[in-house]
Amino acid sequence: TPQHGGVVKVEHEMVFELVRSDSGTRLYLRDHGKPYPTEKLTGNVTILASGKKSDAALAPAGENIMKADVIIPDGAKVLVKVKEDGHHSVTVRFTF
């Protein structure tokens, strides 16, 4: 269930909520219903829209939030890749 008005996907028992806005993109992470700390995470967002591909870095932005300076248009397919030191990266697919 979205808690921030975004699109929710579950991968590896983690909840990923991607929220798009006119000021950028935010990713909220939860693990077993609890906010998952992002300070040790790295990531990126790949957006496929209108035949074009764009990439942006995801950076920790407090508690369980990561931010990217990119705007996701309607109809886009989005790949989010998140990695934590010592763990395999997780890729999550979204469609808007």
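Predicted model: local features only at pLDDT ≥ 70, side-chain atom pairs only at ≥ 80, totals over all residues.

Visitor: How many residues of strand 2 are buried?
Guide: Buried here means under 20% relative accessible area. Strand 2 has eight residues and is largely enclosed by the rest of the structure, because the number of them that are buried is six.

Visitor: Which residues touch the most other members of the largest nonpolar core?
Guide: In soluble globular proteins, nonpolar side chains tend to be buried together. The largest nonpolar core here has 23 residues, and those touching the most other members are Phe 16, Leu 27, Val 78 and Val 80.

Visitor: Which strand gives the largest share of this core?
Guide: Several strands each supply at least two residues of the core, including strand 2 (14-21), strand 3 (24-31), strand 8 (77-84) and strand 9 (90-95). The largest share is four residues, and it comes from strand 5.

Visitor: What is the bridge partner of Asn 44 in strand 8?
Guide: Strand 5 and strand 8 pair over eight bridges in the antiparallel sense. Val 80 is in contact with Asn 44 and Val 45, and also with Leu 18, Leu 27 and Leu 58, among others. The bridge partner of Asn 44 in strand 8, however, is Lys 81.

Visitor: Which residue in the hairpin of strand 5 and strand 6 takes a positive phi?
Guide: Strand 5 and strand 6 run antiparallel and are joined by seven bridges. One of these links Ile 47 to Ser 54 in strand 6. The hairpin has two residues between the strands, and the residue with a positive phi, near 50°, is Ser 50.

Visitor: Is His 32 buried or exposed?
Guide: Most residues other than glycine have a negative phi. His 32 has a positive phi of about 50° although it is not a glycine, and its place is in the loop between strand 3 and strand 4 (34-35). Its relative accessible area is 61%, so His 32 is exposed.

Visitor: What is the relative accessible area of Glu 63?
Guide: Glu 63 lies in the loop between strand 6 and strand 7. Its phi is positive too, near 35°. The residue counts as exposed because its relative accessible area is 60%.

Visitor: Is Ile 65 buried or exposed?
Guide: Ile 65 lies in strand 7. Among its contacts are Arg 26, Leu 27, Tyr 28 and Thr 38. With a relative accessibility of 18%, Ile 65 counts as buried.

Visitor: How far apart in space are Ile 65 and Pro 37?
Guide: In sequence, Ile 65 and Pro 37 are 28 residues apart. In space, C-alpha to C-alpha, the distance between them is 7.8 Å.

Visitor: Which strand gives the largest share of the lining of the largest pocket?
Guide: The largest pocket holds about 210 Å³ of space. The elements giving two or more residues to its lining are strand 2, strand 3 and strand 8. The largest share, three residues, comes from strand 8.

Visitor: How many residues of that lining are nonpolar?
Guide: The pocket is lined by 13 residues, and those nearest its centre are Met 14, Tyr 36, Glu 84, His 88 and Val 90. Three residues of the lining are polar and three are charged, while the nonpolar ones number seven.

Visitor: How far apart in space are Tyr 36 and His 88?
Guide: Tyr 36 lies in the loop between strand 4 and strand 5. Its contacts include Met 14, Leu 29, Glu 63 and Glu 84. Tyr 36 and His 88 are 52 residues apart in sequence, and their C-alpha to C-alpha distance in space is 16 Å.

Notes:
Residues numbered from 1 in each chain as written. Heavy atoms only, no water. Core = buried A, V, L, I, M, F, W, Y, C linked by side-chain atoms within 4.5 Å. Buried < 20%, exposed > 50% of the residue type's maximum accessible area, 1.4 Å probe, protein only. Contact = heavy atoms within 4.5 Å. Pairing = 2+ DSSP bridges. 1 Å grid on protein atoms, 1.4 Å probe; cavity = no way out; pocket = protein on both sides within 12 Å on 5 of 7 lines; lining within 4 Å. Points joined across faces, edges and corners; volume = space filled by probe spheres on them. Nonpolar A, V, L, I, M, F, W, Y, C, P; charged D, E, K, R; others polar. Lists of a residue's contacts leave out its neighbours within four places in sequence.
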